[in-house]
Amino acid sequence: MTNTGGATAALLNFAEERPFDRWFEQGKRLFMAAFPIVVLLGAWYEATALHLTTAFLLPSPVAVAERMWTDTTSGDLVLNIGLTLYRAFVGFVIAASVGVVVGILIARSRAVHWFFDPIISVGFPMPKVAFLPIFMLWFGLYDTSKIALVIFDAVFPVLTATVAATQGVDRQMLWSARMLGASEKQLLWEIIMPAAFPSIMTGLQIALPISLIVTIVAEMIMGGPGLGGSMIAASRFADSPGVFAGIIEIAIAGYCVVKGMAMVRRRLLVWHQEAEDPTTV
Amino acid sequence: MTTEATTTDEVTEIETSGYARVEYRRLATTTFVRYLPLLILAAIWEASSRLGLVSTLALPPLDTVITSWFSLLVPSNPAPATAAGLSGALTWIGWALSGDLITNGADSLWRLSAGLAMAISIGTAIGVLMAWYKPFDIMMNPIVQVFYPMPKSALIPVTVLWLGFGHWSKIVLIFIGCMLPVTLSAYNGARGTEQFLVWSARSMGASRRRTLIEVVLPSALPEIMSGIRTALALSFILMVASELIVARSGLGYMVGWLGDGGVYDAMFAVVLTISALGFAADRGYLMLMKRVLSWRE
């Protein structure tokens, strides 16, 4: 191939790649992915059209879509999603920054490690939602208590990921850098952070959906505006189209957040192999 | 982590060495030093509310929390007059187990274990079948993909609409919420089975079913077990959340009504109980996992 001219090589490449085949493959994959969902929607519609259950237990998808449309046009949806995402993101950002800083300290200092190790090993597996009434007592009924719960819940995955990542940095790189005269600050910013970043990012990817879920649960428990609160209100008024619309809205929000985070990862970690395609799921 | 041995490693080390007593003393010391920060936190808690740094309403002193834990444990009504013999003993045991904490805790744990058992059995079956039969995979994979990132707590209002305020709405919620992590780990584990093992088993005349049960399942077991660990943590969260939102019994419900009634020391006691249960379940499961998977090394 190297002997032939550039133009011929390009032509051959084009012939080998065959973009139409690739598009066909992509289209096929998209179709295969969409097909069961379409079937599921169809089954749902048929089940309601044939009155297999009551409209109270399973409202028709048309009614749910109409409800979502009125929610959108009346502005309720924007308000609720905005509030929920605001609480989730503020909590997530605080948890992420605290988690990364403390995690690096834990990995770098024995005393900090000694102090936080049992706290993390007890705190990580326990169901932290149970602390919401305590946070309500301390921080009141509005945003602060919800954000506090989000921080409390989302900080643990970030912490453990950061500790593991920082401890997993190749010793030889640290030794080489030190031997070449790097200061502690340079070591942190130019060796540890880049080397640990992929694993820290994985921790953040776990923490973000947790923040969203915890926000929604907290809203459900406390009521008020927000996706969770409006859904529980619909449930209390036995308004089942509202409940199902809420589920779909939450699912879409969750899906976008997870996919968005994966996209951020791919952009930030172009240089890291793992970013290629984690297609296993 | 790398420099200091974990406690479980030390236990196995002790069992093989002859210096049992000395080693146990060393183990006790390291455990004490390891968990000392928790004691320090407890002391700070007690001191800050005793010394009036924070209001005792916002943070009841630790010793009143412990006292109210015991008062929740014992039944509120007085002991019935018991006849002698077996029936009397049974009535007494029935009375002794009628404390708020025990009845509500039993309700919660029943919901949790029923939901989790269903999730584990059905989730594993679906995951392994997905990895084993291609058509099933094509059918289920997109559905799993759509529902996996979805916040399962969003289903709480629906399960309430469908199944009411009792046990079953929580059991079904825990089942749905915990099934997908198990399914996914079983799927990945079964797909990661060494092809040579499958081929060898098949060439030596094992039927497809036998290969599935004796080769694929054991090789997927480590992944399945770590998926179950995720599910275990999730089941506690779903249990507490659903009980806090709508329930008539259960530990989460207790936290809710104690908080609403302003009995904060009792509320702290129940919250700590739930945390301790979650922690103990995770640790116990981790020990079980180590035992079951000990063939791996």
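Helix axes here are lines fitted to C-alpha atoms over the stretch in contact, and angles between N-to-C directions run from 0 to 180 degrees. The model is predicted.

**Exercise 1. Classify the packing of α5(B) against α6(B), and describe their contact.**

Solution. 

Step 1. Take the two helices. In chain B, α5 covers residues 100-132 and α6 covers residues 134-147.

Step 2. Take the geometry. Their axes come within 7 Å and cross at roughly 125°.

Step 3. Apply the cut-offs. Angles over 145 degrees count as roughly antiparallel, and 65 to 115 as roughly perpendicular. The rest, once those under 35 are set aside as roughly parallel, are oblique. α5(B) and α6(B) are therefore oblique to each other.

Step 4. The crossing of α5(B) past α6(B) is left-handed.

Step 5. List the residues. α5(B) contributes B:Ile126, B:Leu129 and B:Met130. From α6(B) come B:Phe136, B:Asp137, B:Met140 and B:Asn141.

Step 6. Sort them by class. The contact holds 5 nonpolar residues, 1 polar and 1 charged.

**Exercise 2. Outline the architecture of chain A: its elements, burial, contacts and domains.**

Solution. 

Step 1. Count elements. Chain A has 11 helices and 0 strands. Along the sequence, the pattern is α-α-α-α-α-α-α-α-α-α-α.

Step 2. Check burial. Chain A has 281 residues, and 35% of them count as buried.

Step 3. Check contact range. Consider contacts in chain A with a separation of 6 or more: 71% of them join residues 24 or more positions apart.

Step 4. Domain 1 of chain A spans 10-49, and domain 2 spans 63-275. Over C-alpha atoms, the centres of these two domains are 33 Å apart.

**Exercise 3. Describe the side of chain A that touches chain B.**

Solution. 

Step 1. Count both sides. Chain A puts 46 residues in contact with 48 residues of chain B.

Step 2. Find the elements of chain A that give two or more residues. They are α2 (19-49), α5 (110-123), α6 (132-139), α9 (184-222), α10 (227-236) and α11 (240-268).

Step 3. Pick the leading contributor. α11(A) gives the most, with 9 residues.

Step 4. Sort by class. This side of chain A has 39 nonpolar, 6 polar and 1 charged residues.

**Exercise 4. Are A:His51 and A:Ala238 buried or exposed, and what is the phi of each?**

Solution. 

Step 1. Read phi. A:His51 has a positive phi near 55° and is not a glycine. A:Ala238, also not a glycine, has a positive phi of about 55°.

Step 2. Find the loops. A:His51 lies between α2 and α3 (61-74) of chain A. A:Ala238 lies in the loop between α10 and α11 of chain A.

Step 3. A:His51 has 8 other C-beta atoms within 10 Å, so A:His51 is exposed. A:Ala238 has 10, so A:Ala238 is exposed.

Technical notes
Residues numbered from 1 in each chain as written. Chains lettered and ligands numbered in written order. Predicted model: local features only at pLDDT ≥ 70, side-chain atom pairs only at ≥ 80, totals over all residues. Helix = DSSP H or I, 4+ residues; strand = E, 2+ residues; numbered from the N terminus. Left-handed = near helix turned anticlockwise from the far one by under 90°. Contact = placed C-beta atoms within 7 Å. Nonpolar A, V, L, I, M, F, W, Y, C, P; charged D, E, K, R; others polar. Domains from an automatic or database assignment. Buried ≥ 20, exposed ≤ 12 C-beta atoms within 10 Å, placed from the backbone.
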